[in-house]
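Below is a briefing on one protein model.

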Amino acid sequence: MMQILNIAAYKFVALDGLPELQASLADTLQARAIKGTVLLAEEGINLFLAGASDNLHDFLGGLRADARFTDLEVKESWSSAQPFRKLLVKIKPEIIRMNHPAIRPSAGRAPAVDARTLKRWLDSGQDDDGRPVVTLDTRNTYEVDAGTFRQAIDWRLEKFTEFPQALLDHRAQLQGKTVVSFCTGGIRCEKAAIYMQEAGLSHVYQLDGGILKYFEDCGRAHFDGECFVFDQRRGLDPALQPRVDAQPTAPANRQ
């Protein structure tokens, strides 16, 4: 029976008072027996958590009472057991490391395309203006190898900090096309889309909510395999169900 609620969420928003926020979140989560990881940085929040449904929704209600997190969007999935060993609430230079300080998503998002629109574009092979559409996987190699969109561009990234140079090396490949960057939950493809815009690409989108939201809205259409996740479930199929042979072997570094 799937009794444990898993949530993934992020928001790029200017944060201050990080040590106080860290301590407050840690106390609140521990009191509710919620495990997982929360990353805090001046650029925002990134979280992967699991626990009893009532406890998580209570936590989210309190978090959204903070004006900075009122519109925090959450992706949900279920598991039969707690997929995290412990709770970590960390302060980092970036909530997803890119090593490119000019990228400040809190100052404005790149255009986003929702899952159903992307499916429609992939069905026809073009966007609403008749421009060819390509999907660009911004994840690490082992994540891509678990599953990705058919014919997605894969630059064999070992870590996300390699993305800026990879774009410079392959930018000509994307010219004249509508490029939809994607990742697990949206955080990497959001930074990637902003960087591509700054690099001079005109028709760039991020997949809103990433693969997890696409699975929720569109299932397996145009996608082969499963979505790698950074917990003991290891992967989710297009029905957002964990793989049956899940073992606690997922890499700890999601950069």
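The points that follow are grouped by topic.

This is a predicted model, in which local features need pLDDT of at least 70 and side-chain atom pairs count only at pLDDT 80 or more, while totals for chains, interfaces and linings use all residues. Residues are numbered from 1 along each chain as its sequence is written, and side-chain values use heavy atoms, with hydrogens and water left out.

**Cavities**

- On a 1 Å grid over the protein atoms alone, a cavity is a set of points where a 1.4 Å probe fits but cannot get out, and lining residues have an atom within 4 Å of a point.
- Grid points are joined across faces, edges and corners, and a volume is the space filled by probe spheres set on the points.
- The model has two cavities of 30 Å³ or more.
- The largest cavity has a volume of about 170 Å³, and 19 residues line it, with A8, F48, S77, L212 and R233 nearest its centre.
- At least two lining residues of the largest cavity come from each of β1, β3 (44–51), β4 and α7; helices (H or I, at least four residues) and strands (E, at least two) are DSSP runs, numbered from the N terminus.
- The lining of the largest cavity comprises 10 nonpolar, three polar and six charged residues; Ala, Val, Leu, Ile, Met, Phe, Trp, Tyr, Cys and Pro count as nonpolar, Asp, Glu, Lys and Arg as charged, and the others, Gly among them, as polar.
- The second largest cavity has a volume of about 120 Å³. Its lining has 17 residues, and N46, F48, T184, G185 and I187 are the closest to its centre.
- β1, β3 and α6 (187–198) each give two or more residues to the lining of the second largest cavity, which divides into 10 nonpolar, four polar and three charged residues.

**Second largest pocket**

- A pocket is an open set of points with protein on both sides within 12 Å along at least five of seven lines.
- The second largest pocket has a volume of about 370 Å³.
- Of its 16 lining residues, Y10, D71, E73, R109 and D208 lie nearest the centre.
- β1 (4–12), β4 (74–79) and α7 (210–218) each supply at least two residues of this lining, and β1 gives the most, with three.
- The lining of the second largest pocket has nine charged, five nonpolar and two polar residues.

**Helix α5**

- F163, P164, A166, L167 and L174 are the buried residues of α5 (under 20% relative accessible area, with a 1.4 Å probe and protein chains only).
- Seen down the axis of α5, these buried residues fall within an arc of 125 degrees, so they line one face of the helix; the arc is that of the directions from the helix axis to the C-beta atoms.
- D169 and A172, on the other side of α5, are exposed (over 50%).

**Aromatic contacts**

- There are 12 aromatic pairs, meaning rings of Phe, Tyr and Trp (its six-membered ring) whose centres lie within 6.5 Å; planes under 30 degrees apart count as stacked, over 60 as edge-to-face and the rest as tilted.
- Y142 and F228 form an edge-to-face pair, because their ring centres are 5.2 Å apart and their planes are at 70 degrees.
- This pair links distant parts of the chain, 86 residues apart: Y142 is in helix α4 (residues 141–146) and F228 in strand β13 (residues 227–228).
- F228 is buried at 10% relative accessibility, whereas Y142 is partly exposed at 27% (between the two cut-offs).
- One aromatic cluster is formed by F149, F182, Y214, F215 and F223.
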